[in-house]
Amino acid sequence: MNIAVIGTGYVGLTSGVCFAELGNQVICADIDEDKVNRLNQGIIPIYEPGLSELVVKNKCLNRIVFTTDAHYAIIQSDVIIIAVGTPSLPDGNVDLSGVHAVAKAIGQSINSYKVIVNKSTVPVGTADEVKRIIKQNMTDKSIEFDVASVPEFLKEGSAIEDFFHTDRVIIGIDSPRAEQILQELHKPLKTTVQTTDIRSAELIKYASNSFLAMKISFINEIANIAELVGADINEIAAGVGLDTRIGSKFLKAGIGFGGACFPKDTKGLLKIAENKGITFKLLQEVINVNKNQYQKVISKLEEAVDDLNAATIAMLGISFKPNTDDIREAPSLNIIKKLIAKYPAMKLKVYDPAAMELARKVLGDSVSYCQSIEEAVTKSDAMMIVTEWEEIVSFGLEKYKELLKRPIIVDGRNCFIPDEAEQLGISYYSIGRIS
Ligand code: UGA
């Protein structure tokens with residue numbers, strides 16, 4: 001199939017290259033000329049395991065091209081995927097200007113029947129709006145097209161794996177012709193395909209992300225209780241997760257959810273409800289719990305180190321989760337900002353396996369950047385684990401103990417077993433467990 005993907009952010013680029021890998025002919029269009037040039041040289045703008053190899057491979061096979069020419073991408077394709085950003089506006093509403101601009105471009109360029117697929121996370125009713133804008137901008141009103149909602153469920157850090165082994169594909173559509181094309185497109189994935197109406201598909205995305213965010217806030221609250229009553233959150237999550245009605249995934253207590261999706265989509269759903277006169281109190285609490293959770297590492301650090309203003313502290317992990325360089329809404333940023341404001345004389349040494357460049361852009365000179373775990377930890381008065389990168393976990397307690405000036409570890413991601421740390425003489429503080 002000939003596919004155009006408009007927007008080469010994380011969703012557009014990953015889906016574009018994965019559809020190419022399935023044998024389709026893909027044209028990815030983006031307005032960012034520099035990005036397009038780099039992609040054409042095989043340089044990938046984001047850190048995502050396996051993505052670079054797939055782009056290079058499919059470029060060599062001429063199954064994917066990158067262009068700034070959206071018109072060309074549109075006229076060459078049968079299916080057009082809209083994958084542009086939908087950030088939050090200051091009032092909590094979703095900024096749809098990118099989606100609307102693409103709809104206008106499609107309307108202006110459309111030359112034959114197309115299926116327009118919305119993959120960006122958008123409020124309910126956006127597909128209707130896209131349809132209206134396309135129609136409004138068409139010169140030849142007799143050309144037929146359909147608009148569908150096929151939300152994306154990829155996770156950063158495992159996006160390629162998630163694409164090829166997805167639990168489901170949701171196709172929101174109101175036309176048998178488009179449905180058949182989209183069924184065909186997704187057939188090689190050999191997964192459950194749910195076809196539904198467009199508005200339900202749009203809401204499924206928000207409901208899924210908000211439900212997962214709720215699981216995280218719920219387990220974090222249980223962790224906070226567990227600490228006070230002397231229970232162990234890892235044991236609790238394991239026990240609770242054995243119930244297949246609940247499931248074991250997304251029950252890892254820590255310092256709260258970050259990233260480009262959960263914070264934005266929970267706020268987005270809250271606003272969608274509010275615009276219809278509903279106060280989604282449960283979701284508001286999910287957000288409230290998350291707002292405070294990052295503070296856990298700060299209070300534990302304060303408990304462990306008496307004079308933080310005179311201390312050197314190592315912070316391991318800046319990205320919002322492992323295997324990505326994405327620091328959008330990362331809990332690390334809140335932790336750093338708060339620590340710097342409260343303890344201006346503290347020396348904060350940071351290290352992340354992939355996010356150093358982006359961190360430097362955001363944090364400037366406010367912290368010291370280290371090239372390795374060793375450099376960050378050596379002679380530090382204490383260390384914090386903020387992101388559970390494999391490199392950080394496998395470094396091992398013994399080596400941390402050996403390098404730290406004082407053996408104090410504040411672990412926001414429960415990477416180690418408290419008893420093992422204790423046996424090594426480490427003062428170990430984690431989330432929802434007694435150290
Ligand atoms: C999330 C969803 O999981 C994807 O299904 C969805 O497609 C994507 O948003 C999106 O809307 O594009 P992502 O934000 O990439 O994916 O990452 P997650 O693995 O979901 O993690 C989100 C945050 O929750 C991270 O900060 C992570 O550390 C935290 N988390 C996750 C926990 O604190 N505990 C857990 O058990 C799981």
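## A guided tour of the predicted model

Begin by selecting Met315, which stands opposite Val350 in strand 10. The structure is a predicted model, in which local features need pLDDT of at least 70, side-chain atom pairs count only at pLDDT 80 or more, and totals for chains, interfaces and linings use all residues. Residues are numbered from 1 along each chain as its sequence is written.

Select next residues 312-316, strand 9, and residues 347-351, strand 10; the two pair in the parallel sense over 5 bridges. Strands here are DSSP runs of E of at least two residues, and helices are runs of H or I of at least four, both numbered from the N terminus. Two strands pair if DSSP finds at least two bridges between them. Strand 9 is largely enclosed by the rest of the structure, because 4 of its 5 residues are buried. A residue is buried if 20 or more other C-beta atoms lie within 10 Å of its own, exposed if 12 or fewer, and partly exposed in between, with C-beta atoms placed from the backbone.

Strand 12 (residues 382-385) runs parallel to strand 13 (residues 408-411), and 3 bridges join them. Here Met383 stands opposite Ile409 in strand 13.

Ser366 is found in the loop between helix 15 (356-363) and strand 11. Ser366 counts as partly exposed because it has 13 C-beta neighbours inside 10 Å. Display Tyr113 as well: Ser366 and Tyr113 are 253 residues apart in sequence, and their C-alpha atoms are 54 Å apart in space.

**The domains**

Colour the protein chain by its domain assignment: domain 1 (2-196), domain 2 (205-292) and domain 3 (294-429). These bounds come from an automatic or database domain assignment. The centres of domain 2 and domain 3, taken over C-alpha atoms, are separated by 24 Å. To show their contact, select 10 residues from domain 2 and 15 residues from domain 3; two residues are in contact if their C-beta atoms, placed from the backbone, lie within 7 Å. The side of domain 2 that touches domain 3 has 4 nonpolar, 6 polar and no charged residues. In this scheme Ala, Val, Leu, Ile, Met, Phe, Trp, Tyr, Cys and Pro are nonpolar, Asp, Glu, Lys and Arg are charged, and the others, Gly among them, are polar.

Proceed to Asn288 in helix 12 (residues 281-293). Asn288 counts as exposed because it has 11 C-beta neighbours inside 10 Å. Ser217 lies 71 residues from Asn288 along the chain, with 8.8 Å between their C-alpha atoms.

**The ligand shell**

Which residues come nearest the ligand? Of the 20 residues around it, these are Glu156, Lys252, Phe257, Gly259 and Cys261. A residue is near a molecule if its C-beta atom, placed from the backbone, lies within 6 Å of it. Domain 1 and domain 2 each supply at least three residues of the shell, and helix 9 (residues 198-229) gives the largest share, 3 residues. By class, the shell has 10 nonpolar, 5 polar and 5 charged residues.

**The nonpolar cores**

Finish with the largest nonpolar core, of 60 residues, in which Ala4, Ile6, Ile80, Ile81, Ile82 and Ala148 touch the most other members. Its largest share, 7 residues, comes from helix 1 (residues 10-21). A nonpolar core is a set of buried Ala, Val, Leu, Ile, Met, Phe, Trp, Tyr and Cys residues joined through C-beta atoms within 7 Å. Apart from this core lies another, of 48 residues, including Ile327, Tyr351, Val377 and Ile385.
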